[in-house]
Amino acid sequence: MTEIVYLNGELIPLEKARISVRDYGFLYGYGLFETVRAYNGHPFRLDEHLERLAGGAKKLGINVNIAELKEAVAATIKANDLRDARIRLAVSLGEGGMTPDPTTSQKPTVLVLANEYQPYPDMVYQRGFRAIISTSRICRQSPLSGLKTANYLANLLARQEAKAVGADEAILLNDIGLVAEASISNIFLVRGGTLFTPGEDSGILPGITRRTVLELADGLGIKAEEKDITLGELLAADEAWLTGSLIEVMPLTELAGKPIGVGQPGMVTRKLMAAYRQLIWQVTPSE
Ligand code: PMP
């Protein structure tokens with residue numbers, strides 16, 4: 001079946017989708033994106049993803065219509081007859097003039113891609129991810145800090161650093177050496193039964209899954225704190241995990257070649273993995 005994409009108001013076959021060579025998203029990374037997971041054909045936490053996108057768009061002066069995007073997501077899922085899917089929403093400033101000048105753009109480019117998604121096998125969740133510490137740092141003062149922009153190169157390079165040594169993820173410290181997040185996920189640790197995660201002021205992308213996990217922890221009566229986390233604290237954690245819309249709650253069992261805790265998914269990790277799955281099951285029922 002031909003993949004159908006949504007581009008600037010139209011549902012069209014992937015091969016027919018074209019974007020201007022003067023699109024500022026392509027030329028300057030002047031854009032934003034969101035990756036959303038759908039279960040049973042229902043996008044999970046779509047409103048939260050759209051809210052984050054709207055916040056970024058406001059900051060960058062990209063004029064997006066959130067209601068249109070919401071409809072576009074549903075239409076793209078339907079057009080491709082998807083159930084378990086990964087949805088990519090991308091917006092850019094659109095076509096602009098030759099001299100870099102954002103005011104030359106008349107209308108944004110809006111793209112929705114949706115494909116079937118194959119989650120990681122259970123075996124990976126049982127073993128957990130292995131991570132390295134990236135040589136790259138997150139700059140809290142960057143104007144892009146906290147936004148999910150099309151400037152994803154630093155994240156991809158950090159990910160490459162991990163892949164090059166056979167690791168699954170790369171942990172990034174920020175400009176003052178505190179733990180921030182991973183290349184495409186947020187990080188949590190457990191110490192003495194309390195859960196800790198770096199605060200939004202650490203330069204992280206405020207993950208939707210991160211927020212969901214904090215809510216679930218609250219509901220389960222697990223003490224949780226957003227605070228500054230040093231690398232030493234992370235290395236000495238009893239448990240740790242990563243969160244992201246696609247990986248959900250993924251145990252982190254090895255960091256920089258050393259086991260975290262006993263090197264296996266811990267009890268709090270497993271509780272939250274189960275609670276997250278349960279939530280998905282509740283809010284995205286199969287018809
Ligand atoms: N941090 C970064 C840098 C990311 O790219 C992602 C993936 N979007 C996340 C965290 C996790 O965010 P979410 O839970 O919203 O998918």
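The largest nonpolar core of this predicted model has 40 residues, where a core is a set of buried Ala, Val, Leu, Ile, Met, Phe, Trp, Tyr and Cys residues joined through side-chain atoms within 4.5 Å, and buried means under 20% relative accessible area (1.4 Å probe, protein chains only). Ile171, Trp241, Leu252 and Leu272 have the most contacts inside this core. Its largest share, 7 residues, is supplied by helix α8 (residues 267-283); helices are DSSP runs of H or I, at least four residues long, numbered from the N terminus. Apart from this core lies another, of 26 residues, including Tyr24 and Val110.

Leu272 also takes part in the packing of α8 against helix α6 (residues 208-220). The two helices meet at about 105°, with axes 10 Å apart; axes are lines fitted to C-alpha atoms over the stretch in contact, and angles run from 0 to 180 degrees between N-to-C directions. Helix α6 is therefore roughly perpendicular to α8, a label covering 65 to 115 degrees.

Arg52, in helix α2 (residues 46-60), counts as buried because its relative accessibility is 17%. Its side chain makes a polar contact of 2.8 Å with that of Glu34, that is, a pair of N or O atoms within 3.5 Å, one able to donate a hydrogen and the other to accept it.

Residues are numbered from 1 along each chain as its sequence is written. Local features need pLDDT of at least 70 and side-chain atom pairs 80 or more, while totals for chains, interfaces and linings use all residues, and side-chain values use heavy atoms, without hydrogens or water.

Methods: Buried means under 20% relative accessible area, exposed over 50%, partly exposed in between (1.4 Å probe, protein chains only). Angles under 35 degrees count as roughly parallel, over 145 as roughly antiparallel, 65 to 115 as roughly perpendicular and the rest as oblique. Contact means heavy atoms within 4.5 Å.
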